[in-house]
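Subject: Structure handover

Hi,

I am passing the structure on to you now.

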Amino acid sequence: MDYFDRFAVPHPSPAIYASMVAIGLTMIAVVAGITYFKKWGYLWREWLTTVDHKRIGIMYILAALLMLFRGGVDALMMRAQTAIPDNGLLDGQHYNEVFTTHGVVMILFMAMPFIIGLMNIVTPLQIGARDVAFPRLNAVSFWLFFMGAMLFNISFVVGGSPDAGWTSYFPLASNDFSESVGSNYYAIAIQIAGIGTLLTGINFIVTILKMRAPGMNLMKMPMFTWSILITNFIIVFAFPVLTVALALMTMDRLFGTQFFTMANGGSDMLWANLFWVWGHPEVYIVILPAFGIYSEIISTFARRNLYGYNSMVISMVAISTLSFIVWAHHFYTMGHGAMVNGIFSITTMAIAVPTGVKIFNWLFTLWKGKIVFTVPMLYSLAFIPIFTLGGVTGVMLAMASADYQYHNTMFLVAHFHYVLIPGTVFAVLAGFTYWWPKMFGFMLSEKIGKWSFWFITIGFNVTFFPMFITGLDGQARRMYTYSESTGYGPLNMLSFVGAIGLAIGFALIVYNIYWSTRYASRNISNDPWDARSLEWATHTPIPEYNFAIVPTVDSTEAFWDAKKKALNYLAVK
Amino acid sequence: MKIDNSLPLEYSTEENRLKIFGFWIFLGAEIALFATLFATYFVLVDGTGNGPTGEHLFKLPTLMFQTIFLLTSSFTIGLGINAMRLGRQKATIGFFIITLILGLGFLGVEIYEFVEYVHEGATIQTSAFLSSLFTLLGTHGAHVTLGLFWEPSSSCRSKSAV
């Protein structure tokens, strides 16, 4: 029985038992519903066994949205717990589990699959291909990711969630200090999902390098496709490091090896190094596709060609190279000496240069443009100033000597949310709204979309800006409570209010999907935004083979130029 | 299926060209994987704790046998591919069988070596140095093992396709 005892929830609470019942009831309801509506055959044939890149992409996005709400509930619980001093809503252990799963779920099971979903749907269309290079492998990738995500989520009710932070530092994550099976879930679930991601990386590199439409040389590819190509190179070279790190972690926890132990020659710092050698490129894996999405959307709705195409490509290549040589800035305080800290400080600050080039290119694209304020464009425009704030605080954190003050405070938490939310979340929401009509044949309501945009943007700033201040005042991250005398109370309450605003914004997105599915007009053209790249050249809904006739390309904005010359890509030339 | 006879046999269809290119990218990922394992090994090589060091453990003859088997097998599989391109089926199969025997020989010596280490009290749990050594060698051995099954299975598949 000892073995099964390890899967008991370590600190059962009514909330966890209620979740168990809720999960059980939901599963019964789903199975009953599918049976009642006789949809098993449809589900099996059209979705579960599909190898069509568009449907796989939609499944990725669906899973990502589910995980967004799971991770979002974690976030709300944290903000509620810290809203007032000495709060007893969550105990310390529960809070540890919540911030750990929030981080893992949001990065690996929300941001990554959302990006990979859009990549799946859009990339083959943008390069005029009929599918990806290895469609069946693509389905394998999706199901590996999905099973990894589900395994990770089940830890919540079976055995307890991991509680050593999303970075899972040793020795904290060793058997001595994390006895429950939670950290085993971490090591194995992420491993499964990670292998799926690695296969995606290989698949899309081959697709983009080998299956482009005739005439589309590398420097004529749309910017989103460029960002995806570079991202997948990062995936292929960064994810093996994670694979090894997690395998070593698994062996340390299950087979008694000595990699990250404190005795017998082990090195706990080795884990921090391996984790961040993957972890920092990972940040760019979720941010570069976002840059690609913004490039598409900004040039579409400014009605101008993207400014500085070549410098956009060069800066992305520069960012991807730098992303591999900055990892130690995540643990300056761990003590690797002034020389090492100095070098990593410089490489880190260097990233601001190519990123700055991109920011200026977007601004120059907007300059003298005829800007149309659609929902995707609003997200893109809000991204520029908010992300810049995140970037500038990043340069502050990059200075190793000053970092001793900021390290592990709420200032850091504010910084990376200021980078990742406008950088990735705004981008996937913008991309989702932008490509929605291509996926489903109708538009999402602009009116509800604008409401959710304002709730999300204002809610985001109200939530995270106060953290810069409390962080500089010394509020530590990952602490489940604080005393009233610290004076952090009012600003933390403000953060909680902002978090509710964010929650309303995301709920409105769901309502928008429901409302638009019921009431939006199905009578739209193949190109409702008057856009520029090849995905808009084919029919809506997209036929399974994407293009009846593979288009020929002779410029970076092939479809736009064809429209200007009144050519019809669907007709036989 | 369009077959381009001007290219070597394995490149003659579009599907094969994509698969071979994809495999090259996969090999890139494998290089990153082994680089990480080597880095781990070099970080932990002095972390011997109370266990034996490499000088106590490593013996030249077994290492020599493994190296010779492995390098020769890379050569013979190259000869096999060449024979395949020349359309000489018997030679191809012959070289593949020699390669498999060399691979088996390598694995045999490696397993013998592991058993010896454990008998001397050097297990994967003894020290960080040994954890990383067994993991690095074991990962490589796992690759060779997979190849031992993959090679015959793909040969049989292409035989049934012909």
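Ala352(A), Thr355(A), Ile359(A), Trp362(A), Leu363(A) and Leu366(A) are the H12(A) side of a helix contact. Facing them in H13(A) are Met377(A), Leu381(A), Phe383(A), Ile384(A), Phe387(A), Thr388(A) and Val395(A). The contact of H12(A) with H13(A) counts 11 nonpolar residues, two polar and no charged ones. Bear in mind that this is a predicted model.

Now the geometry of that pair. H12 spans residues 352-366 of chain A, and H13 spans residues 375-398 of chain A. Their axes are 11 Å apart and the packing angle is about 155°. Angles over 145 degrees count as roughly antiparallel, so H12(A) is roughly antiparallel to H13(A). The crossing of H12(A) past H13(A) is left-handed.

Next, a second pair in chain A. Helix H9 (residues 268-301) and helix H15 (residues 410-440) cross at roughly 50°. Their axes come within 9 Å. That angle makes H9(A) oblique to H15(A). This crossing, too, is left-handed.

The H9(A) side of the contact consists of Val286(A), Ile287(A), Ala290(A), Ile293(A), Tyr294(A), Glu296(A), Ile297(A), Thr300(A) and Phe301(A). H15(A) brings Val419(A), Leu420(A), Pro422(A), Gly423(A), Thr424(A), Phe426(A), Ala427(A), Ala430(A), Gly431(A), Tyr434(A) and Trp435(A). By class, the contact of H9(A) with H15(A) has 15 nonpolar residues, four polar and one charged.

Thr300(A) is worth a look. It sits in helix H9 of chain A. Its relative accessibility is 1%, so Thr300(A) counts as buried; the cut-off is under 20%. A polar atom of its side chain lies 2.8 Å from the backbone oxygen of Glu296(A). Which residues does Thr300(A) contact, leaving aside neighbours within four places in sequence? They are Tyr434(A), Trp529(A), Asp530(A), Ala531(A) and Arg532(A). Of these, Tyr434(A) is also among the H15(A) residues in the helix contact. Asp163(A) is 137 residues from Thr300(A) in sequence, and the two are 44 Å apart, C-alpha to C-alpha.

The other threonine is in chain B. Thr36(B) is placed in helix H1 (residues 14-44) of that chain. Thr36(B) has 7% relative accessibility, so it counts as buried as well. Beyond its neighbours within four places in sequence, Thr36(B) is in contact with Val241(A), Val244(A) and Leu274(A).

Best wishes

How values were computed: Residues numbered from 1 in each chain as written. Chains lettered and ligands numbered in written order. Predicted model: local features only at pLDDT ≥ 70, side-chain atom pairs only at ≥ 80, totals over all residues. Heavy atoms only, no water. Axes fitted to C-alpha atoms, helices over the stretch in contact; angles between N-to-C directions. Helix = DSSP H or I, 4+ residues; strand = E, 2+ residues; numbered from the N terminus. Parallel < 35°, antiparallel > 145°, perpendicular 65-115°, else oblique. Left-handed = near helix turned anticlockwise from the far one by under 90°. Contact = heavy atoms within 4.5 Å. Nonpolar A, V, L, I, M, F, W, Y, C, P; charged D, E, K, R; others polar. Buried < 20%, exposed > 50% of the residue type's maximum accessible area, 1.4 Å probe, protein only. Polar contact = N/O pair within 3.5 Å; in protein donor to acceptor, adjacent residues only side chain to side chain.
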